[in-house]
Amino acid sequence: MSEAHRVAVIGGDGIGPEVVAEALKVVAASGVHLDTVDYDLGADRYLRTGEVLPEPVLDELRGFDAILLGAVGPPVGSSEVPPGTMERGLLLKLRFDLDLYINLRPFVGLPGSIAEGCEFVVVRENTEGTYAGEGGFLRKGTPNEVATQGSVNTRMGVERCARFAFELAARRPRRHLTLVHKTNVLTFAGDLWQRTVDEVSPDYPGVSRDYNHVDATCIYLVEQPGRYDVITTDNLFGDIITDLAGAVTGGIGFAASANLNPARTGPSLFEPVHGAANDIAGTGAANPLAAIRSAALMLEHLGEQEAAERVAKAATEYLASHQFGTPFPPTVVIGDAIAERL
Ligand code: IPM
Ligand code: MN
C-alpha cells in the first residue's frame with residue numbers, strides 16, 4: 001500500500017456529497033490510501049452560519065495534497081442565497097487564491113453520443129478573463145444605470161496557460177493544439193492570446209496548430225468533434241464550450257475536471273464539471289461517473305499513475321457494459337460496480 005495522501009473533501013451541496021462518496025469508495029478499492037478530512041462548506045453552511053469560506057479554513061486547505069469537491073450552489077432561484085455567493089465566495093475563491101490556473105477537462109465520446117469515439121481535452125484558463133471580477137456599477141438602480149464587466153488577460157496568465165496546453169499536446173499522439181477565441185471581435189484580448197500562442201509555439205516544434213472562433217467551435221463540436229485534440233481558451237469560453245463538449249460526448253454527468261496548480265505551490269482541486277443538481281439530490285439518480293473520473297485525475301496528480309489508469313479503465317469498462325438509452329442504476333450501485341472491477 002502506498003503512503004497516505006492528505007485530501008480535503010468538500011462534498012458541498014445537492015448531489016455533491018453523494019457523488020463524492022462514490023468517488024472515495026472507488027479510490028479505496030484501487031488500494032490507494034487517502035487520509036481525508038471533511039469540510040462542511042456550501043450553501044447549507046452559509047444558510048446556517050452566514051459563512052462561505054472563512055479565512056482560517058482556506059489556510060487549512062492550503063496544507064493538503066489535494067482537494068476533492070462535489071458541487072456547490074443553492075437550488076436555482078433560491079432567494080435566500082444571492083446569486084454568485086457560493087460561486088464567487090467558494091469555488092472561484094479557491095481557484096484564484098490557490099492559483100489553480102489550469103482547468104483541465106478531458107472528454108471521451110461515449111457509445112451512442114454525437115462525439116462517439118472522439119477524445120479531446122480542453123485546457124481552460126482558470127484565474128482571469130471575465131471571471132476576475134473586474135467592473136462595477138455606476139448610478140445603480142437609476143434609469144441611467146451602467147454595469148461593466150471587463151475581461152482581464154495578463155501576458156503571464158495567458159502564457160502559462162498556452163505553455164501548459166502545448167506541453168500536453170506534445171505528449172499526446174496527435175500533437176495538435178487549437179486556440180479558441182473570438183479574435184475578430186475581441187481585438188484586444190484575442191490579440192494577446194493569438195500573439196502569445198504564436199510566440200511560444202517555436203518552443204514546441206512537434207505540435208501543429210489551429211485557430212477556431214468560439215462560435216464556429218460550437219458548430220464543430222457538434223458536427224466534427226474529431227477535429228480536436230487539445231483546445232486552449234479563456235475562462236468564459238472554456239466554461240461554455242466544456243458544457244457543450246460534455247453534452248456531445250454523452251452528458252455532463254460524465255465530465256471530469258482538474259483545477260491545477262501546475263507549479264505545485266499548493267493543492268490542486270478536482271471536481272465534476274456538473275453542478276449541485278439540487279432537484280435530484282437524495283433520489284439516487286445522480287451519476288457518480290464524473291466524480292469518479294475526477295478522482296482518477298486526482299490520483300494521477302498525486303503520482304498514483306497506475307491506480308489512476310485502473311480507475312479510469314474501470315469507469316470506461318463499466319460504461320461500455322451499460323446499454324445506452326436505458327436508465328442508469330442508482331448512484332450507489334454504479335459506485336459499487338466500478339469498485340468491484342478494481
Ligand atoms: C464550472 C462551473 C463554474 C464556472 C461555476 C459554478 C462558478 O460552471 O466549473 O464550469 O463557471 O466555472
Ligand atoms: Mn460551467
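Tutor: Thr-233 is buried in this predicted model, because its relative accessible area is 0% (buried means under 20%, exposed over 50% and partly exposed in between, with a 1.4 Å probe and protein chains only). The residue belongs to strand S10, residues 230–233 (helices, H or I of at least four residues, and strands, E of at least two, are DSSP runs numbered from the N terminus). Residues are numbered from 1 along each chain as its sequence is written, while chains are lettered from A and ligands numbered from 1 in the order in which they are written. As the model is predicted, local features need pLDDT of at least 70 and side-chain atom pairs count only at pLDDT 80 or more, whereas totals for chains, interfaces and linings use all residues; side-chain values use heavy atoms, with hydrogens and water left out.

The side chain of Thr-233 makes a polar contact of 2.7 Å with the backbone oxygen of Val-180 (a pair of N or O atoms within 3.5 Å; within protein, one must be able to donate a hydrogen and the other to accept it, and residues adjacent in sequence count only if both atoms are side-chain atoms). Not counting residues up to four places away in sequence, Thr-233 is in contact, that is, with heavy atoms within 4.5 Å, with Val-122, Val-123, Arg-124, Glu-125, Val-180, Trp-193, Gly-238 and Ile-241.

Near the ligand, meaning with a heavy atom within 4 Å, are Glu-87, Leu-91, Arg-95, Arg-105, Arg-124, Tyr-131 and Asp-239.

The second largest pocket, of about 600 Å³, brings two of those names back. A pocket is an open set of points, on a 1 Å grid over the protein atoms alone, where a 1.4 Å probe fits, with protein on both sides within 12 Å along at least five of seven lines; lining residues have an atom within 4 Å of a point. Its volume is the space filled by probe spheres set on the points, which are joined across faces, edges and corners. This pocket is lined by 30 residues, and Val-72, Glu-87, Leu-91, Val-273 and Gly-275 are the closest to its centre. Two or more lining residues come from each of strand S3 (66–71), helix H4 (85–97), helix H8 (235–248) and strand S12 (268–272), and H4 gives the most, with 4. The lining comprises 16 nonpolar, 6 polar and 8 charged residues (Ala, Val, Leu, Ile, Met, Phe, Trp, Tyr, Cys and Pro count as nonpolar, Asp, Glu, Lys and Arg as charged, and the others, Gly among them, as polar).

Asp-99 is located in the loop between H4 and S4 and is partly exposed, at 27% relative accessibility. Its phi is positive, near 50°. Most residues other than glycine have a negative phi. Arg-175, in the loop between H5 and strand S8 (176–181), likewise has a positive phi, of about 45°, and is partly exposed, at 39%.
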